[in-house]
Amino acid sequence: MTTTRTARETAETYFTAWEAGDFDTLRGLLAENVDFVGALGTASGVEAALAGLKGLGQVLKKIDVKARVAEGDEVITWFDLCTNVAPPTPTANWMHVDDGKVTRIRVTFDPRALLAGLEAQN
C-alpha cells in the first residue's frame with residue numbers, strides 16, 4: 001500500500017530538496033505538466049520548471065522558512081530567499097498539489113536586489 005504525501009509534506013520536501021540541490025527528488029514531486037509563474041519568469045512542464053530551480057539554485061545559500069500554511073491541496077510558504085548575490089529576499093510561494101504532485105506554483109517577491117546581484121556577478 002502506498003501513501004500519498006499531504007500537500008504540506010510535499011511542500012516541505014520540495015523546499016528541503018531545492019535547498020539541498022536534490023533535483024532528482026524535486027523531479028519526483030513535480031507533475032509533468034507543472035505550471036510555474038514567478039517574479040523572474042514562467043515555466044511550463046517539469047523540465048522547464050527544473051531548469052529555473054537549477055538556475056536560481058546556483059546562487060541559493062538557504063531557504064529560511066518563516067511560516068507555512070496548508071489547506072487541502074493548497075500550500076503557502078513564506079520564506080527569506082538567501083543567496084550569495086543579494087540580501088535575504090522575503091518571498092511568498094503558493095503551490096497546488098494533486099495526488100502528491102505539485103501542479104501549479106506562483107511565487108512573488110521584489111526581484112530588484114536579486115537582479116542587481118545577478119547582473120553584478122556576470
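Reader: What makes Thr 10, Thr 13, Leu 29 and Gly 100 count as contacts of Arg 5?

Author: In this predicted model, Arg 5 is in contact with Thr 10, Thr 13, Leu 29 and Gly 100 once its neighbours within four places in sequence are left aside, and a contact is called when heavy atoms lie within 4.5 Å. Arg 5 itself sits in the segment before helix H1 (7–20).

Reader: Why is Arg 5 called partly exposed?

Author: The relative accessible area of Arg 5 is 38%, and buried requires a value under 20% while exposed requires one over 50%, so Arg 5 falls in between and is termed partly exposed.

Reader: How do you know whether the protein is as compact as a globular protein of its length?

Author: The secondary structure consists of 4 helices and 6 strands, arranged along the sequence as α-α-β-β-α-β-β-β-β-α. The radius of gyration is 14 Å, close to the 14 Å that the globule rule gives for 122 residues, and the protein is therefore as compact as a globular protein of that length. Along the principal axes, the C-alpha trace spans about 50 × 30 × 20 Å.

Reader: What share of the contacts joins residues 24 or more positions apart, and how much of the protein is buried?

Author: Among contacts with a separation of 6 or more, 47% are accounted for by residues 24 or more positions apart. Buried residues make up 40% of the 122 residues, and the accessible surface comes to about 6700 Å², with 51% of it belonging to carbon and sulfur atoms. As for charge, the mean positions of the 12 positive and 17 negative charges are 4 Å apart.

Reader: What makes a set of residues a nonpolar core, and which members of the largest one touch the most others?

Author: Such a core is a set of buried Ala, Val, Leu, Ile, Met, Phe, Trp, Tyr and Cys residues joined through side-chain atoms within 4.5 Å. The largest here has 32 residues, and Tyr 14, Trp 18, Leu 26, Leu 30, Met 95 and Ile 105 touch the most other members. Elements giving two or more residues to this core include H1, helix H2 (23–29), helix H3 (46–57) and strand S1 (30–38), as well as strands S3 (60–71) and S4 (74–83). H1 gives the most, with 6 residues. Beyond residues up to four places away in sequence, Trp 18 touches Phe 23, Leu 26, Leu 53, Leu 56, Gly 57, Leu 60, Ile 63 and Leu 81.

Reader: Why is Thr 103 called buried?

Author: Thr 103, in strand S6, has a relative accessibility of 14%, and since buried means under 20%, Thr 103 counts as buried. With neighbours within four places in sequence left aside, Thr 103 is in contact with Ala 31, Asn 33, Val 34, Asp 35, His 96 and Asp 98.

Reader: How do you know whether Thr 89 and Cys 82 are buried or exposed?

Author: The relative accessible area is 6% for Thr 89 and 12% for Cys 82; each value is under 20%, so both residues are buried. Thr 89 is placed in strand S5, where its contacts outside four places in sequence are Phe 79, Asp 80, Leu 81, Phe 109 and Asp 110. Cys 82 belongs to strand S4 and, under the same exclusion, touches Val 59, Leu 60, Lys 61, Lys 62, Asp 64 and Pro 88. The C-alpha atoms of Cys 82 and Ile 63, 19 residues apart along the chain, are separated by 6.0 Å.

Reader: Why are Gly 72 and Asp 99 called exposed?

Author: Exposed means over 50% relative accessible area, and Gly 72 at 63% and Asp 99 at 71% both pass that cut-off, so both count as exposed. Gly 72 lies in the loop between S3 and S4, with its C-alpha atom 7.1 Å from that of Ala 7, a residue 65 positions away along the chain. Asp 99 is in the loop between S5 and S6.

Reader: What makes the phi of Asp 99 worth a remark?

Author: Most residues other than glycine have a negative phi. Phi of Asp 99 is near 50 degrees, a positive value in a residue other than glycine.

How values were computed: Residues are numbered from 1 along each chain as its sequence is written. This is a predicted model: local features need pLDDT of at least 70, side-chain atom pairs count only at pLDDT 80 or more; totals for chains, interfaces and linings use all residues. Side-chain values use heavy atoms; hydrogens and water are left out. The radius of gyration is taken over C-alpha atoms; the globule rule is 2.2 Å times the number of residues to the power 0.38. Buried means under 20% relative accessible area, exposed over 50%, partly exposed in between (1.4 Å probe, protein chains only). Accessible areas come from the Shrake-Rupley method with a 1.4 Å probe; for residues, only the protein chains shown count as cover. Lys and Arg count as positive and Asp and Glu as negative; His and the chain ends are not counted. The place of a charge is taken as NZ of Lys, CZ of Arg, CG of Asp or CD of Glu.
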